[in-house]
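Welcome! Let us take a walk through this structure together, one step at a time.

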Number of protein chains: 2
Amino acid sequence: MSVRVISVLENILQANDQIAAENRARLDAAGVYAINLMSSPGAGKTALIEQTLRALAPQVRIGMINGDTTAASLDAERGAQAGAMAVHVNTGGNCHLEAHMVRQALAALDLSALDLLIVENVGNLVCPSGWDLGVHARVVMASVTEGDDKPYKYPAMYRVADALVLNKIDLLPYLPFNLDYYLQGVRLLKPDVQIFQVSCRTGEGIGAWADWLRAHIRSGQNA
Amino acid sequence: MSVRVISVLENILQANDQIAAENRARLDAAGVYAINLMSSPGAGKTALIEQTLRALAPQVRIGMINGDTTAASLDAERGAQAGAMAVHVNTGGNCHLEAHMVRQALAALDLSALDLLIVENVGNLVCPSGWDLGVHARVVMASVTEGDDKPYKYPAMYRVADALVLNKIDLLPYLPFNLDYYLQGVRLLKPDVQIFQVSCRTGEGIGAWADWLRAHIRSGQNA
């Protein structure tokens with residue numbers, strides 16, 4: 001039975017990559033730079049989107065696709081309230097976004113009115129890493145409250161990161177978090193990853209993150 | 001293609017339930033009470049196991065099966081160091097434990113030397129909820145640092161919880177966490193869930209959690 005599953009999964013992944021390529025072509029044609037934002041539940045993806053809007057909008061026109069396992073569109077509403085053109089995707093219990101879900105969401109957005117598209121994946125540090133959504137960069141977000149051992153335990157996610165946003169650094173004084181050990185693990189898996197240490201609560205470090213986004217939007221290049 | 005996938009998945013779930021029933025019969029015959037401990041990455045599952053050992057061992061003889069996506073057995077080593085008979089399961093990238101993995105791990109344990117078995121699942125708030133492992137209770141763990149909206153966004157996991165351990169309450173003074181809103185969401189999904197508010201760092205609340213386990217071990221009843 002397992003062989004049959006693998007062959008079906010391979011077909012699905014091939015179909016996904018095909019749709020992802022179409023999504024990317026569509027975004028490129030519209031001049032929209034897009035990122036896939038992935039993390040554990042509660043690492044602060046929506047808070048980062050709110051801070052990004054505060055830093056870049058309205059000069060940069062920002063859209064948001066929010067993937068959730070249910071119909072509850074709490075995060076998309078937060079994004080819309082902060083000024084993003086927001087689309088909610090109900091994955092129907094599925095643990096990650098796939099390219100066909102993003103394709104559907106793209107059809108609901110006016111891409112000509114956007115410069116940057118942030119795809120907020122389902123909160124999950126395992127499954128989303130394997131699925132190309134047709135964006136330009138994969139951004140992994142982590143929180144210092146998750147502990148300093150996470151790169152060692154969830155390497156597949158850290159390995160695909162073009163950029164890493166380490167959030168909640170305002171809580172470091174209250175936590176036994178060894179930053180050197182954490183960063184060593186990250187760099188073992190992805191030596192050239194861009195790392196941003198931020199607090200979405202205080203705004204610390206958001207400037208450097210916003211500058212990185214701005215450079216990529218301007219150049220239109222992949223990370 | 002999707003219909004084919006669903007039929008394969010149904011076969012897999014049926015096979016899983018069959019193996020889970022066998023696991024449970026085996027644990028029952030040996031008089032071992034077993035729990036499936038599930039949470040986001042970094043909520044504190046291994047720290048809870050360490051505290052549980054401190055509270056209950058050696059009077060209660062504790063075993064641990066630790067599921068990880070890689071060969072790195074960091075958590076099983078922590079459990080063993082704290083005094084548990086520990087077995088590490090490498091899921092090979094899989095995002096959750098399944099009953100056949102637990103069956104293999106059970107074969108590596110001397111069940112006659114155990115009273116309590118804690119199965120530490122892969123850190124994932126989505127996928128593990130759908131898989132019966134053949135234990136007696138599902139314990140969901142959460143951390144206040146994940147935010148108070150998690151029951152509303154990950155209902156499938158909260159719905160299967162027999163007990164909920166809310167960890168890191170020592171950090172509440174530094175967080176915008178609305179406990180009433182959080183608990184309201186939990187009780188909407190699972191009105192009769194047992195809730196323990198703990199800090200695995202300070203030991204606060206561990207006593208009540210240990211009492212609950214002790215009562216179930218003694219009675220041999222399901223949660």
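By what turn and what shift along the axis can chain A be laid on chain B? A turn of 180 degrees and a shift of 0.0 Å along the axis do it, with an RMSD of 0.0 Å, where copies are superposed by least squares on the C-alpha atoms of residues with pLDDT of at least 70 in both. The two copies are thus related as by a two-fold rotation axis. Both copies use the same surface, as 100% of the contact residues of chain A recur in chain B; two residues are in contact if their C-beta atoms, placed from the backbone, lie within 7 Å.

A word on the ground rules: this is a predicted model, in which local features need pLDDT of at least 70, side-chain atom pairs count only at pLDDT 80 or more, and totals for chains, interfaces and linings use all residues. Residues are numbered from 1 along each chain as its sequence is written, while chains are lettered from A and ligands numbered from 1 in the order in which they are written.

Now look at where the chains meet. Chain A gives 35 residues to the contact and chain B gives 35 residues. On the side of chain A that touches chain B, the largest share, five residues, comes from helix 1 of chain A (helices are DSSP runs of H or I, at least four residues, numbered from the N terminus).

Terms used. Helix = DSSP H or I, 4+ residues; strand = E, 2+ residues; numbered from the N terminus.
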